[in-house]
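Trainee: Can you walk me through this one? I'd like to go from single residues out to the whole chain.

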Amino acid sequence: MANESANLGITQIETMVDYLEAFGVEKYISFDMSLARGLDYYTGVIYEAVTEQSAPPADAAEKKEKSKKSSKNKKHDDEDASEYVGVGSIAAGGRYDGLVGMFLGTNSKGKKHPSIPCVGVSFGVERIFSLINQRQEQVKKIRPTSTQVYIMAFGGGQGWDGFLKERMTVASKLWAAGIECEYLYKAKANPRKQFDAAEKSGCPVGVILGKEEYPEGKIRIKMLGTGNEKDDGELIDAKDLVTVVKQKLESLKVDGMDDVTRLLSGL
């Protein structure tokens, strides 16, 4: 602590720890005096992000041998080592107050520009994909789009205009509530084509505006992809749309997480 630079560094880290405690994330932090970054422009704290899978698995040798035997039967020599090799850190960065100033030079009066405080992080994309690659069964369950709700309109006969404006109104309400939704942009969309589009998007919830029901302030909510075509869904008050849709989406989560979050959790 007699070293001025070391004293300053420890003081800054103590301040950082206070902030980490304020955010309630200190349990995710490990302080390592041996950590070093290869670039010399860092002027303060540095950090790396690691996961439970950053280190090689306990049965790494067994998996490596199995992978070698499997690769002999392939025509190419590329070997996927993601199952038995630890990927190390998946992100890293730190504080670099002097870096931006290096590129600013001097002002019109010949004075150096003041130091600009900066902090940043870079992600190891290939390393992250390597970890995800180990979870192929979960990857297969991920839907092709992020659409959560598909809005449809059912009706016909004289005076039926397809409820395009009404579908747009409902979409606007869901979007405003942070719910990702879609609808066919065709004015008079065939019911079968609407269901096909909803199935293609893979979204789990359908919002149906019926010709007779919607003018009376009613909307039908149907869970999609269940295979039960006889289920007409639940008829609700239009004013409760956002609340009910959120409840339906929440009920699809496992341990409070959606498919993507569950895939990435524990990385």
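**Loops, helices and a pocket**

Trainee: Where does Y185 lie?

Mentor: Y185 is in the loop between β5 and α7. Helices here are DSSP runs of H or I with at least four residues, strands are runs of E with at least two, and both are numbered from the N terminus. Bear in mind that this is a predicted model, where local features need pLDDT of at least 70, side-chain atom pairs count only at pLDDT 80 or more, and totals for chains, interfaces and linings use all residues. Residues are numbered from 1 along each chain as its sequence is written, and side-chain values use heavy atoms, with hydrogens and water left out.

Trainee: Does Y185 count as buried or exposed?

Mentor: Exposed, because its relative accessibility is 62%. The cut-offs are under 20% relative accessible area for buried and over 50% for exposed, with partly exposed in between (1.4 Å probe, protein chains only). Along the chain, Y185 and K165 are 20 residues apart, and their C-alpha atoms are separated by 9.9 Å.

Trainee: And S146, which loop is that in?

Mentor: The one between α5 (136-139) and β4. S146 counts as partly exposed because its relative accessibility is 43%. Its C-alpha atom is separated by 8.7 Å from that of C181, 35 residues apart along the chain.

Trainee: OK, I179 next. Why does it count as buried?

Mentor: Because its relative accessibility is 4%. I179 is found in the loop between α6 and β5.

Trainee: What is I179 in contact with, leaving aside neighbours within four places in sequence?

Mentor: Q148, V149, L174, V242, V245, K246 and L249. Contact means heavy atoms within 4.5 Å. Take V242: it is 63 residues from I179 in sequence, and the two are 8.5 Å apart in space, C-alpha to C-alpha.

Trainee: Which residues of helix α8 are buried?

Mentor: In α8, residues 241-251, they are L241, V244, V245 and L249. They line one face of the helix, because they fall within an arc of 135° when seen down the axis of α8. That arc is taken over the directions from the helix axis to the C-beta atoms. Q247 and S251 are exposed on the other side of α8.

Trainee: What is phi of F163 near?

Mentor: Near 55°, a positive value in a residue other than glycine. F163 is in the loop between β4 and α6, and it counts as buried because its relative accessibility is 9%.

Trainee: Switching topic: what volume does the largest pocket have?

Mentor: About 990 Å³. It is lined by 29 residues, and the closest to its centre are F31, D32, L35, V45 and I46. α1 (4-23) and β1 (46-49) are the elements that give two or more residues to the lining, and α1 gives the most, with ten residues.

Trainee: How do the lining residues divide between nonpolar, polar and charged?

Mentor: There are 19 nonpolar, six polar and four charged. Nonpolar covers Ala, Val, Leu, Ile, Met, Phe, Trp, Tyr, Cys and Pro; charged covers Asp, Glu, Lys and Arg; the others, Gly among them, are polar.

Trainee: How is a pocket defined?

Mentor: On a 1 Å grid over the protein atoms alone, using a 1.4 Å probe, it is an open set of points with protein on both sides within 12 Å along at least five of seven lines, and lining residues have an atom within 4 Å of a point. Points are joined across faces, edges and corners, and the volume is the space filled by probe spheres set on them.

Trainee: Last one: how many helices and strands are in the chain?

Mentor: Nine helices and eight strands. Of the 267 residues in the chain, 26% are buried. Among contacts between residues at least 6 apart in sequence, 64% join residues at least 24 apart.
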